[in-house]
Amino acid sequence: MSKKKLLFHVDAWAGVANAGSERYADTIARHLIANGHEVHVLTNPTMAKNGENRNGIIFNTNILDEINIAREYMWADFIVTQIAFTPRVLMYTRELQKPL
């Protein structure tokens, strides 16, 4: 399998928010990295420092900059989200023709 780039566009992440979906996403992201894929997380600034590398997961917390968001989406092969951001993520994936 070829290496893939995945973007998790979520409102929270494990370590700060520890509900089931956050822990599940973190577990999946770590598994993907362990298998040679790249993972970025676009999330709120309360979840991580911008540019932080946490076990290979790269965090981007500049969520109000539309150009920054578009760059992350263009970088990714696949987008992953959760319920809280679904309408916004659907808009970006449609506009930038990215699989969700």
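Me: What radius of gyration does the protein chain have, and which value would a compact globule have with 100 residues?
Reply: The radius of gyration is taken over C-alpha atoms, and the globule rule is 2.2 Å times the number of residues to the power 0.38. This is a predicted model, in which local features need pLDDT of at least 70 and side-chain atom pairs count only at pLDDT 80 or more, while totals for chains, interfaces and linings use all residues. Residues are numbered from 1 along each chain as its sequence is written, and side-chain values use heavy atoms, with hydrogens and water left out. With 100 residues a compact globule would come near 13 Å, and the protein chain agrees with this at 12 Å.

Me: Among contacts between residues at least 6 apart in sequence, what percentage joins residues at least 24 apart?
Reply: Contact here means heavy atoms within 4.5 Å. Among contacts in the protein chain between residues at least 6 apart in sequence, the share that joins residues at least 24 apart is 56%.

Me: Which residues of helix α3 are buried, and which elements do they pack against?
Reply: Buried means under 20% relative accessible area, exposed over 50%, and partly exposed in between (1.4 Å probe, protein chains only). In helix α3, residues 86–96, the buried ones are V89, Y92 and T93. They cover an arc of only 95 degrees around the axis, the arc being that of the directions from the helix axis to the C-beta atoms, so they lie on the same side of α3. On the other side, P87, R94 and E95 are exposed, whereas the buried residues pack against β1 (5–9), α2 (66–75) and β5 (78–81).

Me: Is L6 buried or exposed, and which residues does L6 contact?
Reply: L6 is found in strand β1, and because its relative accessibility is 11%, L6 counts as buried. The C-alpha atoms of L6 and Y73 are separated by 9.1 Å, although these residues are 67 residues apart along the chain. Leaving aside neighbours within four places in sequence, the contacts of L6 are L32, H37, E38, V39, H40, W75, A76, F78 and V80.

Me: How does K5 count by relative accessibility, and which residues does K5 touch?
Reply: K5 also has its place in strand β1, but at 24% relative accessibility K5 counts as partly exposed. From K5 to G20, 15 residues away in sequence, the C-alpha to C-alpha distance is 23 Å. Not counting residues up to four places away in sequence, K5 touches E38, W75, A76, D77 and F78.

Me: What is the phi of Q97, and what is the phi of N55?
Reply: Most residues other than glycine have a negative phi. Q97, in the segment after α3, is not a glycine, yet its phi is positive, at about 50 degrees; at 70% relative accessibility, Q97 counts as exposed. N55 lies in the loop between β3 (53–54) and β4 (57–60). N55 is also a residue other than glycine with a positive phi, near 55 degrees.

Definitions and conventions. Helix = DSSP H or I, 4+ residues; strand = E, 2+ residues; numbered from the N terminus.
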